[in-house]
Amino acid sequence: MKQIIKYSLLILGAVIFAYPFLWMFAASLKPEIEIGGFSLWSSNFSFKNYEQVFARIPIARAFFNSVLVSSITTLSVVVFGSMIGYALARLNFRGRNALYYLILFTMMIPFQITLIPQYVLMVKLGITDSYLALIAPTMISTLGIVMFRQFFMSIPQALIDAARIDGCSDFKIIFAVIWPLSRPVVITVAILSFMASWNEVLWPIIVVRERTLMTLPQIVTLFTIGGQAEALLGLQLAAATLLALPIIIAYSFFQRYFIDSMVSSGVKG
Amino acid sequence: MKKYKVKYDRSAYLLVLPYIIFFLMFVAYPLVFSLVLVFHRWDIVTPMQWVGLKNFERLINDPLFFKSIINTLTFLLIHIPLQITVALGFALLLNSKIKFRPVFRTIYFLPVVVSGVVVTILWQQLYSFDSGLLNKLLMVFGIPRIPWIVSPEMAMPSVAIMATWKNVGIYIIMFLVGLQNISAELYESSNMDGASRVQQFFSITLPLLNPTIVVVLVLSTIGGFSLFIEPYVLTGGGPMQSTLSAVLYIYNQAFYFNHMGYAATLGFIFAIVIFAVIMIQKKAVEMDPTV
Amino acid sequence: MVKYLLSLCVSIIVIGCSEKNANDTTTTNDVVTLTYWPAPNPQEVQLANVIVKDWNRLHPTIQVKMQPIPVSQSTEEVLLAAIAGRTTPDVCSNIWPGALAEFTRLGGLVDVDRFSDFDSAITSRTPNDLVESLRDPNGHFYQMPWKTNPVMMFYNKRLFEVSGVPNVPRTYSEFFASAKKITRDIDGDGQTDVWMGERDIRPIWWQRWFDYYCFYIAASNGKTFFVNGEPNLDQAASSKVLEFFRTCYSENFFPHTFFQGGDLFLLERKATNFAGPWQIATLQTMAPNLRYGVAPIPVPDNHQGPVYTYGDYKNIAIFSTTKHPKEAWEFVKFLVQAKYDLMLLEIANQIPIRSDLLSNPLFADYFKKNPMMIEFAQQAVYTRSVDAAPDLKEIFDAISQEYEASAVYGRKSPIEATQSAQKRIKVIVDWNK
């Protein structure tokens, strides 16, 4: 009996968390008048809503922009993060501790205070409406640095010394010696920064007004609240599905990594 | 014995240089500049105008500023207890002897990875008064419909419920990890002392999950003050400014009305409020003997 | 070290190169390129395509690139950010006069009266009494008047007939009387299916043009918010309008929700709609079988004189980021030719600002075929625009909040809300002085 209650609660939870997505996917294929129902099936399924979305907004271009911006951001966060993390963890230099405290302090600054000045900086540099504006402020993640530093501290000094004797530069040590041993942390930081970049809306809305440079979540947001969807729910849900699908597919392949990264970021951050 | 001499790795400066540049551009400059901005009136194009403390004067006379703080606190008061209860409940279920645990875990975590925009578009339909699935469900059970996002009283709670649905997956897993770290011996020894399940929950489980609860508190507070896309898409801050969040208000002042100085002042004060709220929470959790 | 810095530079350059600035005005091989932003609705984009194609054929050395204004919650927000970021186009034809004062204060626009043929260009087209009202307080002109859209009441003839309402309501009481009959639950499930009207209740400032503001202009016999540059809200008119909408909401003639699933007027679920003539274009394509008419905005019961309304003016301006003001000015004059004004009527159902609109034989055929547009053309004489105040958006936002509190949610009396609005307008104006 107890087991039955347990499982019904668990299944109820699964329905609460998963059904809305299934419904959204089904509804995006239905004609507008059928959308109000609970059913996940309709005999009138078609891709008409999607055709409309593609006709009304450059969503393919936005997808490309998002992939580009998120990839460059992720690459940059991982590369710079491990360089700085390595220096903090394994090298001895004047001001090391001060720098580490500075990084910890930076993590505590709420973005509300820097949002407007950062936008002003973009304006002053004359780079609003550019990929650079989308990427630059997130090229380095302090959380990433801290996670790399933590992990690199656990790597045996002997390995690094051996590489040094072989004449390896610091760069070679980081990327050829340490990286292969640090897969978990590299993957964690990469997933976190990719997701953060992929799902970011506020910053793109502020610095990009040019349609061809908009990111996927940005264009879907503006499509929904601006007049272009004409309050047609089918179109909005189709656009939302297009935005959700890539990340859901990635999640279904790498769910373990996703869950571990998100949870560890919360615990450490 | 030779005097120990510290060997410095000079290449380290090269490695940390990118951070220094980044820090100067995106942390130091904005911080300094925000301190400049709060004393100015500025439309970003024409020269800045020194106004002294006028921005602060305006702020304390601005009902919408206080409204946005009250809105955020309302959000937190509903969101945090709901989040902790739901997360803990599911974590306890998942921690018991069950099959398919990874499957359930994967499903519960799904909303976490999906963009807030998707979640908001989806919930806009669910919350719709006339055609929303939630109200249709209520009517099946003969319950009167709820004006989820069109009533000034219900709108913020509705946003909080939606945010809980989106984020609770993380906390389920965190609590699950916390529960799995509690050693079984603790329960066994208290079993021998004749403690009941409920007593065990309050005397062992909850205190040992305290770190996770602190994380939930802090992250939810930061999340509450960062709330933007949900009200921006769902309600535009209405009805009657009941979902006007701190960031949405900054956004409006800066990008609708072009008051960069005042928007920076709002950001400055909000940052202080966030710090204060988090400090109070930490103190409260540390002092509370029940947690 | 050098290698490292180089690679850093290269990566920045690579990123830098991939950025594309579509608003750049570049001169290559002596061909001047101008960027032109029309409004993003399908009709105006279609019109812009035709005009730009003609222009580019006739002017091989001055090529115009058309790009609809980027979507956002409002055009004004986009243009403001573009002025700040200096990414404005050369020409834009969707300038709301209410935002003009702000744009000129920021130095974002070119004074078009610097061109020697400005006077003849403007007077040959624009009614004389309107010309002066377009002058900036600093004495210059920054806009070429283009089109106006008088806001009127569209009504669904079928819904009026089946409810047994013979006449279109002219006054508030008549409106309520009709509303009582029309607002109904048709399928008997306990929920209203057809409403007298419906408005977007979200607190979006420009939505007030289509409820509070057009009703305010009508009720006050053509007043705006300012008199001689000083805020001066007509308290009686404002209170009456708020009272009117308050009744519409409290009696459930208007729903308290916002709808998904499309425009309720197109779906025949609301009997009236306050909109400009562009609505006709939408109706023709989306609901060709819907029978409808237009009437002036309802007025208070004791109203005397003609019924004024809000004229949603959209004008053309040249931005100061342009490197080719002369060429841009030529394009602006090209845009407002009579033949394109006819297309503006035909394609977009919008009213060009012309003194000879109803007398020029060029347009006669169009009005004969589209008698409903005559009503808009006639109403266009009795329209008011908005005040030339730099803070108008903020003022509309404050009004929007008072409207919401008083009319939609009934939490403030109309008089209280009006007084509070007047006070807030003063605060906004004083702050921004």
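Q: Where a salt bridge is a side-chain nitrogen of Lys or Arg within 4 Å of a carboxyl oxygen of Asp or Glu, which residue of chain C does Arg58(B) bridge to?
A: This is a predicted model, in which local features need pLDDT of at least 70 and side-chain atom pairs pLDDT 80 or more, while totals for chains, interfaces and linings use all residues. Residues are numbered from 1 along each chain as its sequence is written, chains are lettered from A and ligands numbered from 1 in the order written, and side-chain values use heavy atoms, without hydrogens or water. Between Arg58(B) and its partner the closest N and O atoms are 3.4 Å apart, and the partner is Glu394(C).

Q: Why does the pair of Glu394(C) and Arg58(B) join two chains, and in which helix of chain B does Arg58(B) lie?
A: The side chains of Glu394(C) and Arg58(B) meet at 3.4 Å, N to O. Taking helices (H or I, at least four residues) and strands (E, at least two) as DSSP runs numbered from the N terminus, Glu394(C) belongs to helix 16 (residues 392-408) of chain C, and the pair joins two chains because Arg58(B) sits in chain B, in helix 2 (residues 54-60).

Q: How many salt bridges does the rule find across the interface of chain B and chain C?
A: Over all chains the count comes to 27 salt bridges. One bridge between chain B and chain C is that of Arg58(B) with Glu394(C), and across this interface the rule finds a count of two.

Q: Which three residues supply 20% of the area that chain B buries against chain C?
A: Buried area is the accessible area (1.4 Å probe) that two parts lose on being put together, summed over both, and between chain B and chain C it is about 3,300 Å², with carbon and sulfur atoms giving 55%. The share of 20% on the chain B side, more than any other three residues supply, comes from Met240(B), Tyr256(B) and Phe257(B).

Q: How far apart in sequence are the parts that Glu402(C) and Arg424(C) tie together?
A: The side chains of Glu402(C) and Arg424(C) meet in a salt bridge of 2.8 Å, N to O. Because Glu402(C) lies in helix 16 of chain C and Arg424(C) in helix 17 (residues 414-431) of chain C, the pair ties together parts whose separation in sequence is 22 residues. Of the two residues, Glu402(C) is buried at 3%, whereas Arg424(C) is partly exposed at 26%, and the separation asked for is 22 residues.

Q: Which residue of strand 10 of chain C is the bridge partner of Phe154(C)?
A: Five of the five residues of strand 6 (residues 152-156) of chain C are buried, so this strand is largely enclosed by the rest of the structure. Two strands pair if DSSP finds at least two bridges between them, and strand 6 of chain C has four antiparallel bridges to strand 9 (residues 272-275) of chain C, where Met153(C) stands opposite Phe274(C). Strand 6 also pairs in the antiparallel sense, over four bridges, with strand 10 (residues 292-295) of chain C, in which the partner of Phe154(C) is Val294(C).

Q: Which cysteine holds the sulfur closest to that of Cys248(C)?
A: With a disulfide taken as a pair of cysteine sulfur atoms within 2.5 Å, the structure holds zero disulfides over all chains. Cys248(C) is buried at 0% relative accessibility, and its sulfur is too far for a bond, because 12 Å separates it from the closest cysteine sulfur, in Cys214(C).

Note on methods:
Buried < 20%, exposed > 50% of the residue type's maximum accessible area, 1.4 Å probe, protein only.
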